[in-house]
Amino acid sequence: MGISVNNVSKNFGNFQAVDQVSVEIKTGSLVALLGPSGSGKSTLLRLIAGLELPDSGKVYLTGRDATYQSVQDRKIGFVFQHYALFKHLTIRQNIAFGLEINKQPKNRIKNRVEELLELVQLNGLGDRYPSQLSGGQRQRVALARALAVEPQVLLLDEPFGALDAKVRKDLRIWLRHLHDTVHVTTVFVTHDQEEAMEVSDELVVMNKGRVEQVGSAAELYDNPATPFVMSFIGPVNVLPSNAPIFKRAGYRPEHPNVFLRPHDVQIELVPDNDTSLAIVNRVIHLGWEIQAELMLEDDHTFTVNLTREEFNRLTLKSGQRVYVKPKEVKSFAPQYVEV
């Protein structure tokens, strides 16, 4: 089932949560709604689900106007951040709940539940209660319950937000594999850029109720349309366009602020005509990479990310003098500047 959101707006009192948003989600795709708190992503998800009604605009499901259609008639599965499992029911009974409400035959319910227990890798745990499972396992039960009624769309609202980093990482991989197995059109809300980039086919970046840009992770990272997208998708340094580091390297940015990715800086131990002097303020070991905080002669500070091989070649330490030049920079027209 494809989803089409056309010029949808939603206000809560004086607060405009969604402002004339239009989004197209292809059938069978996995799309992330990505943005900071208050950007409108969860409200947009609830509008698609029918849990909220828009003040204006239309929501279409497979070409049909579903703007005022009931939640039940939309054939949508919804998974919240906090599981919402029935504590007094076993895992099997939780998964079977929607099928029983729909008065499905007992034999079909039994077969479907066993099929889903295997799909979410919880074989042998069907007779346990939610309190006897880990957080990651409970979230998989919630997903199985949502899939039990064979929804045409699966909506996930910060599904891994309450879990620790290691479990979130494991579930991201699992969710991608699950989607590739069931091929249900899936939309999930997250504020975690890495999560969105790792799992989704396409990202919808939202800010202050509006869509800033839509595209694949590579498209948004390499070709951001606005400073907000540039700063939200991956780390970035923002420096003034008249900083000597740009002039000496031959860059002449057109706009006041220049955006420089931490991995787009070259560090050398010997100066040449197009490098600028910098002092190493701090070196941070992040395991798989090294982050160095540098200060330029004009007192502007910025960070540089290095591979372990680059760091070993340079052997950086606090107080060391090095010479730097940007490898690639981006600047944006003033009317877009909002960081």
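Guide: A residue is called exposed when its relative accessible area is over 50%, buried when that area is under 20%, and partly exposed in between. The model is a predicted one. Glu 297 has a relative accessibility of 52%, so this residue counts as exposed. Its place is the loop that joins β15 (290–296) to β16 (301–306). Leaving aside residues up to four places away in sequence, Glu 297 touches Arg 248 and Leu 277. Phe 228 is 69 residues from Glu 297 along the chain, and 28 Å separates the C-alpha atoms of the two.

Glu 297 also belongs to the lining of the largest cavity, as do Arg 248 and Leu 277. Helix α9 (244–248) gives 3 residues, the largest share of the lining. Strand β14 (276–285), like α9, supplies at least two. The space inside comes to about 50 Å³. With a threshold of 30 Å³ or more, the count for the model is 1 cavity.

The open counterpart is the largest pocket, with a volume of about 850 Å³. Two or more of its lining residues come from each of β6 (76–79), α2 and α4. The lining has 26 residues in total, and those nearest the centre of the pocket are Ile 76, Gly 77, Phe 78, Gly 98 and Val 149.

Helix α2 covers residues 91–101, and its buried residues are Ile 91, Asn 94, Ile 95, Ala 96 and Leu 99. These buried residues pack against two helices, α3 (106–119) and α4 (135–148). Just past the end of α2 comes Lys 103, with a positive phi of about 60°.

Two further residues have positive phi values. Lys 75 is found in the loop between β5 (64–65) and β6. Its phi is near 55°, a positive value in a residue that is not glycine. Asn 7 is placed instead in strand β1, which runs over residues 3–12. This asparagine, also not a glycine, has a positive phi of about 50°. Its relative accessibility is 47%, so Asn 7 counts as partly exposed.

The C-alpha trace spans about 80 × 45 × 30 Å along its principal axes. Of the 339 residues, 48% are buried. Among contacts with a separation of 6 or more, 67% are between residues 24 or more positions apart. The accessible surface is about 16,400 Å², and carbon and sulfur atoms hold 49% of that area. There are 38 positive and 40 negative side chains, and 5 Å separates the centres of the two sets.

Technical notes
Residues numbered from 1 in each chain as written. Predicted model: local features only at pLDDT ≥ 70, side-chain atom pairs only at ≥ 80, totals over all residues. Heavy atoms only, no water. Buried < 20%, exposed > 50% of the residue type's maximum accessible area, 1.4 Å probe, protein only. Contact = heavy atoms within 4.5 Å. Areas by Shrake-Rupley, 256 points an atom, 1.4 Å probe, with all protein chains shown as cover. Lys, Arg positive; Asp, Glu negative; His and termini not counted. Charge placed at Lys NZ, Arg CZ, Asp CG, Glu CD. Helix = DSSP H or I, 4+ residues; strand = E, 2+ residues; numbered from the N terminus. 1 Å grid on protein atoms, 1.4 Å probe; cavity = no way out; pocket = protein on both sides within 12 Å on 5 of 7 lines; lining within 4 Å. Points joined across faces, edges and corners; volume = space filled by probe spheres on them.
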